[in-house]
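Biologist: I would like to learn how to read helix packing and sheets in a model. Please take me through the one on the screen.

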Amino acid sequence: MSLRYLTAGETHGPQLTTIIEGLPSNLSLDFEELNFQLQRRQKGHGRGRRMQIEQDTANIVGGVRHGKTTGAPIAIVVANNDWTHWTKVMNVEPIEGNDETKRRVHRPRPGHADLNGGLKYNQHDLRNILERSSARETAARVAVGAVARQFLAQFGIKVAGQVIRIGEIEAPPNQLPVDELIALTEESSVRVVDKATEEKMTAYIDQIKQEGDSIGGIVECIIEGVPIGLGSHVQYDRKLDARIAQAVVSINAFKGVEIGIGFEAAKLRGSQVHDEILYSAEKGYHRATNRLGGFEGGMTNGEQIVVRGVMKPIPTLYKPLRSVDIDTKEQFTAQVERSDSCAVPAASVVMEHVVTWEVARAFLEKFGGDSIEEIHANYNSYKEQLERY
């Protein structure tokens, strides 16, 4: 069975809920590690008050017994602590009252899903759109990715992430080992390894906030230890790099993705882009460089997967842009719900987990089995096959 998940829930509703289907039995789960990943998403210089209200934890309510998966669907609940202030407004039962009582939204905000969603679903209270389109939903996706991360760790696969750019400020490139990269970025409020860059970025974010504006950036995910041959060249929807690209752009506010050197390849010659193939008894087949970010022909080639995503500035501004009232059709300056001036460091964590999920899904397609023991046996058999090639 293919690995899949669905999420449900609204930003001010009682909880986010997700169901994961297709994970094998007997996978041991570290609940502290799962919650640690959720808490990472809430950190970062530039976040708003919501992160002080919510202390995200994952409550597993199905599919796990005595610390191990059973093979049944896994159900995870992430409670919204802010629900106590929204019980009437977001109640599933009908309520009486005027627009103010219901907190009806009739003024769409530029850059959000408000107007498009209202038109598509014929909703005249745009809260019905913004509650679900909120980036709050990414908490559920991080929970899902955190489970996938523990699955991949069983096979020596490691995941790291870092911020490459916030607005005008770019971090210097580094070639750090993955473990060191993980440790250093975890100590940084903007998820960079260079302290001077961190100081510049935090001051820049503060300036943007004082001006009532927001700022975006570029984040990078690196996955190490991935075997050769995940994904496939034979159909468009089996190419793993394509699936990763779709997953990245599905994150709220992400508008672009590149793998390896990405768009830089457009200005280089072929000899400066493609990775030469080498062989040694110790490493087997490997590449002299990794400009293609671990992919050739839609399949992993055994090098690190390197993916970057571009996040636009958050559209909710404290110096609002113009919009049109759907009731009166008159122009106004868009209302403010709440805002982070910069969510790029948190977005880095989200991207780690959506990429991790796609790698785990491809891994199970390649080495699938009903139990973790069966998958280990399939994986070991494949490694022996590669050694003989």
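**Helix pairs and sheets**

Modeller: Start with handedness: helices α6 and α10 cross in the left-handed sense. A crossing is left-handed if the near helix is turned anticlockwise from the far one by less than a right angle, and right-handed if clockwise. Helices (H or I, at least four residues) and strands (E, at least two) are DSSP runs, numbered from the N terminus.

Biologist: What should I know about the model itself?

Modeller: This is a predicted model, where local features need pLDDT of at least 70, side-chain atom pairs count only at pLDDT 80 or more, and totals for chains, interfaces and linings use all residues. Residues are numbered from 1 along each chain as its sequence is written, and side-chain values use heavy atoms, with hydrogens and water left out.

Biologist: At what angle do the axes of α6 and α10 cross?

Modeller: Two packed helices are described by the angle between their axes and the distance between the axes. Axes are lines fitted to C-alpha atoms, for helices over the stretch in contact, and angles run from 0 to 180 degrees between N-to-C directions. Here α6 (residues 138-153) and α10 (residues 344-367) cross at roughly 50 degrees, and their axes come within 8 Å. The two helices are therefore oblique to each other. Angles under 35 degrees count as roughly parallel, over 145 as roughly antiparallel, 65 to 115 as roughly perpendicular and the rest as oblique.

Biologist: Which residues of α6 and α10 make the contact?

Modeller: Contact means heavy atoms within 4.5 Å. From α6, the contact residues include Val142, Ala146, Arg149 and Phe151. From α10, they include Val350, His353, Trp357 and Phe363. By class, the contact of α6 with α10 has 13 nonpolar, 4 polar and 3 charged residues. Ala, Val, Leu, Ile, Met, Phe, Trp, Tyr, Cys and Pro count as nonpolar, Asp, Glu, Lys and Arg as charged, and the others, Gly among them, as polar.

Biologist: How do α1 and α10 cross?

Modeller: The axes of α1 (residues 31-41) and α10 come within 7 Å and cross at roughly 140 degrees. This pair is therefore oblique. Gln37, Arg40 and Arg41 of α1 meet Ala346, Val349, Val350, Glu352 and His353 of α10. The classes in this contact are 3 nonpolar, 2 polar and 3 charged residues.

Biologist: Now the sheets. What is the strand order in the sheet of 4 strands?

Modeller: Two strands pair if DSSP finds at least two bridges between them. The order is β1-β2-β6-β3, in an open sheet with antiparallel pairing. At the edges are β1 (4-8) and β3 (58-62), each pairing on one side only. From one strand to the next, the twist averages 20 degrees. Strands β3 and β6 (residues 74-79) pair over 4 bridges. In that pairing, Ile60 has Ile76 of β6 as its bridge partner. Helix α1 packs on this sheet, touching β3 and β6, and its direction makes about 130 degrees with that of β3.

Biologist: And what is the order in the open sheet of 5 strands?

Modeller: That order is β8-β7-β9-β15-β10, with antiparallel pairing. Strands β8 (169-170) and β10 (254-259) stand at the edges with a single partner strand each, so one side of each is left without a neighbour in the sheet. Helix α7 (residues 178-186) lies across β7 and β9, at about 55 degrees to β7. Helix α8 (residues 195-210) touches β7 and β8, and its direction makes about 60 degrees with that of β7.

Biologist: How many residues of β9 are buried?

Modeller: Buried means under 20% relative accessible area, exposed over 50%, partly exposed in between (1.4 Å probe, protein chains only). In β9 (residues 217-224), 6 of the 8 residues are buried, so this strand is largely enclosed by the rest of the structure. Strand β7 (residues 158-166) pairs with β9 in the antiparallel sense over 8 bridges. Val159 has Ile223 of β9 as its bridge partner, and Ala160 stands opposite Ile222. Strand β15 (residues 305-311) pairs with β9 over 7 bridges, with Val219 opposite Gly309.

Biologist: Is Lys329 buried or exposed?

Modeller: Lys329 is exposed, with a relative accessible area of 61%. This residue sits in the loop between β16 (322-324) and β17 (331-333).
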